[in-house]
Amino acid sequence: MAKDKYFVYPGDVSAFGFDWGKLSLTVAPEVNGASRFSGGVVELPSGEGHSRHNHPGAEEIIFVISGEGEQMVEDENGNPVTRKVASGCTIYIPESRFHSTKNTGGGPMLLFVVYSPAGPELALRDLPDFRLLPQDL
């Protein structure tokens, strides 16, 4: 559990590190007892992104805090729909839909992601480039 379960900064928790960026879960059952959803901050360096994937049984919301990029979400027929996204854009990923994100800007792209129900983000620990990054002290 985080030291303060109501007010959590990305540096308060260990982050999931990958070759393409990192995810700091600031809301999750193991962080503050959230039971119906989880979420956190994703940081994508310039030119990086996560490849096409899905979260079986879960919906996802992505909110672009800063930066710009390209977001792909498959439609109900499995066709990829790609749009340019930037600060202020909210992306809805229906349950089990494939999607991907790429930072096309010159600086970091920050996203806030929410998964419902909580849990699909834990499968990221099984990826070959996963590493647990320590919290800021």
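Modeller: Two strands are said to pair if DSSP finds at least two bridges between them, and strands (E, at least two residues) and helices (H or I, at least four) are DSSP runs numbered from the N terminus. The model is predicted, so local features need pLDDT of at least 70, side-chain atom pairs count only at pLDDT 80 or more, and totals for chains, interfaces and linings use all residues. Residues are numbered from 1 along each chain as its sequence is written, and side-chain values use heavy atoms, with hydrogens and water left out.

Biologist: Over how many bridges do β4 and β9 pair?

Modeller: β4 and β9 pair in the antiparallel sense over three bridges, and His50 stands opposite Thr101 in β9. Four strands form an open, antiparallel sheet in the order β4-β9-β6-β7, where β4 and β7 (80-86) are the edge strands, each pairing on one side only.

Biologist: How should I read a pocket, and which residues lie nearest the centre of the largest pocket?

Modeller: Rolling a probe the size of a water molecule over the atoms shows where empty space is left. On a 1 Å grid over the protein atoms alone, with a 1.4 Å probe, a pocket is an open set of points with protein on both sides within 12 Å along at least five of seven lines, and lining residues have an atom within 4 Å of a point. Here the largest pocket is lined by 19 residues, of which Trp20, His50, His53, His55 and Leu124 lie nearest its centre. Among the strands that each supply at least two residues of this lining are β4 (49-53) and β9 (99-103).
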